[in-house]
Amino acid sequence: MDVPVPVPGPGQVLVEVAYAGVNFAEIYRRRGWAAPAGDAAVVPGLEVSGHVAACGEGVDGLAVGDPVAALTHERTGASGGYAQYAVAPQELVYPLRTEGGEVDLLTAAALPCTVTTAYGLLAAGRLTAGEDVLIHAALGSVGSTTAGIARLLGARRVLGTVGSPAKLARAEAALYDELYLRDDVRGWAEPSAPEHGVDLVLDSVSGPTTTASIGALRALGRVVVYGNPGNHADAPVSTHALWLSSKAVIGYNMGEIAVQAPRVLRDQALRAAELMASRRLAVDVGEIMPLECAREAHRLLESGTSVGKLVLRVAD
């Protein structure tokens, strides 16, 4: 489909796209779960990497040709990232040249959504050094990235769950102390196993997994819920049970934060970029597909069989 090249307005940056990340949020959008008010966006895609092609009025600190990554979330006035060009507000355009080096364009395609979400989840869950964290969908792009950041933040143990036995063999590569089958609730959550519970659970699965995750917490433990790929019914959460057990359930939605607190996202993205540029944080890129294979990339992500980050190559 051919559409005009976006024109950056005041405070916006036009990016010539090299790579576009593929995210489950784009599948939600395609299903109609997260449709914005008014006209639907023509082009999907929430994150890109590439070079600055033009700057709108009032943009400073960036020049044509600079390597950048950008969050192209439609609610911020951005255009979709599955395209040769995308426009985004400067606040959500992140320079890839840092004091510690430069983030390469391929892995930078995961910075605006995947890596920043991973950083934001741990911030929302208030992970502190010496705590134990359990990550569901542990070998997905967000899960594996979160494991790496949790290690850097001093987590005592990093545990994870996966949906199939075939994924258990990836435990060492994914920085996990232990991996469990998600259906093996007795293994990771009953009774408050292992080692009498964990301090933080990051839950992108929802439904019954959320209920079991609350049971897996120690006192003062937190569950951060940030997805529902299986379209599960809402998990019943008793506020009485939460206060009696001294536990908390927290929601995290990057789109809402991008609208209400973009500076928070920017700060977290720039911190994450420093970690990536200095090679302290590795991003597991699973598959690289040409842009015209976006449909197949969505099918693969929905199947639950993919490991690591799916990236679309837009330009050589």
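This is a predicted model: local features need pLDDT of at least 70, side-chain atom pairs count only at pLDDT 80 or more; totals for chains, interfaces and linings use all residues.

Residues are numbered from 1 along each chain as its sequence is written, and side-chain values use heavy atoms, with hydrogens and water left out.

Let me start with Ala-277, in helix α9. Helices (H or I, at least four residues) and strands (E, at least two) are DSSP runs, numbered from the N terminus. Leaving out neighbours within four places in sequence, Ala-277 is in contact with Thr-98, Gly-100, Gly-101, Glu-102 and Val-103. Is Ala-277 buried or exposed? Buried is under 20% relative accessible area, exposed is over 50%, and partly exposed is in between, using a 1.4 Å probe and protein chains only. Ala-277 has a relative accessible area of 5%, so Ala-277 is buried. Leu-301 is 24 residues from Ala-277 along the chain, and their C-alpha atoms are separated by 27 Å.

Next, the nonpolar cores. A nonpolar core here is a set of buried Ala, Val, Leu, Ile, Met, Phe, Trp, Tyr and Cys residues joined through side-chain atoms within 4.5 Å. The largest one has 47 residues, and the members that touch the most others are Leu-111, Val-133 and Leu-202. Elements that each supply at least two residues of this core include β3 (67-71), α3 (111-124), β8 (132-135), β11 (198-203) and α9 (262-277). Another core, of 27 residues, lies apart from it, and has among its members Ala-20, Val-43, Ala-78 and Met-289.

Beyond four places in sequence, its contacts include Glu-47, Ala-69, Tyr-94, Leu-96, Ala-269 and Met-276.

That brings us to the pairing of α3 with α9. Their axes are 9 Å apart, and the helices pack at an angle of about 105°. Axes are lines fitted to C-alpha atoms, for helices over the stretch in contact, and angles run from 0 to 180 degrees between N-to-C directions. Under 35 degrees counts as roughly parallel, over 145 as roughly antiparallel, 65 to 115 as roughly perpendicular, and the rest as oblique. So α3 is roughly perpendicular to α9. On the α3 side the contact involves residues including Leu-111, Val-115 and Tyr-119, and on the α9 side residues including Leu-265, Ala-272 and Met-276. By class, the contact of α3 with α9 has 10 nonpolar, three polar and one charged residue. In that scheme, Ala, Val, Leu, Ile, Met, Phe, Trp, Tyr, Cys and Pro count as nonpolar, Asp, Glu, Lys and Arg as charged, and the others, Gly among them, as polar.

Now α1 and α10. Their axes come within 10 Å and cross at roughly 105°, so these two helices are also roughly perpendicular to each other. Phe-24, Glu-26, Ile-27, Arg-30 and Arg-31 of α1 meet His-298, Leu-301 and Glu-302 of α10. The classes in this contact are three nonpolar, one polar and four charged. The buried residues of α1 (24-31) are Glu-26, Ile-27, Tyr-28 and Arg-29, and they pack against β1 (12-21), β2 (47-55) and α10 (294-303).

Last, charges. Side chains of opposite charge can pair when their charged atoms come close. A salt bridge is a side-chain nitrogen of Lys or Arg within 4 Å of a carboxyl oxygen of Asp or Glu. How many does the whole structure have? The search finds 13 salt bridges.

One of them joins Lys-309 and Glu-47, at 2.5 Å from N to O. This pair links distant parts of the chain, with Lys-309 in strand β15 and Glu-47 in strand β2, 262 residues apart. Both Lys-309 and Glu-47 are buried.

Glu-102 is partly exposed at 40% relative accessible area, and Arg-97 is exposed at 53%.

Asp-199 and Arg-218 meet at 2.9 Å. Asp-199 has 13% relative accessibility and therefore counts as buried.

Notes:
Contact means heavy atoms within 4.5 Å.
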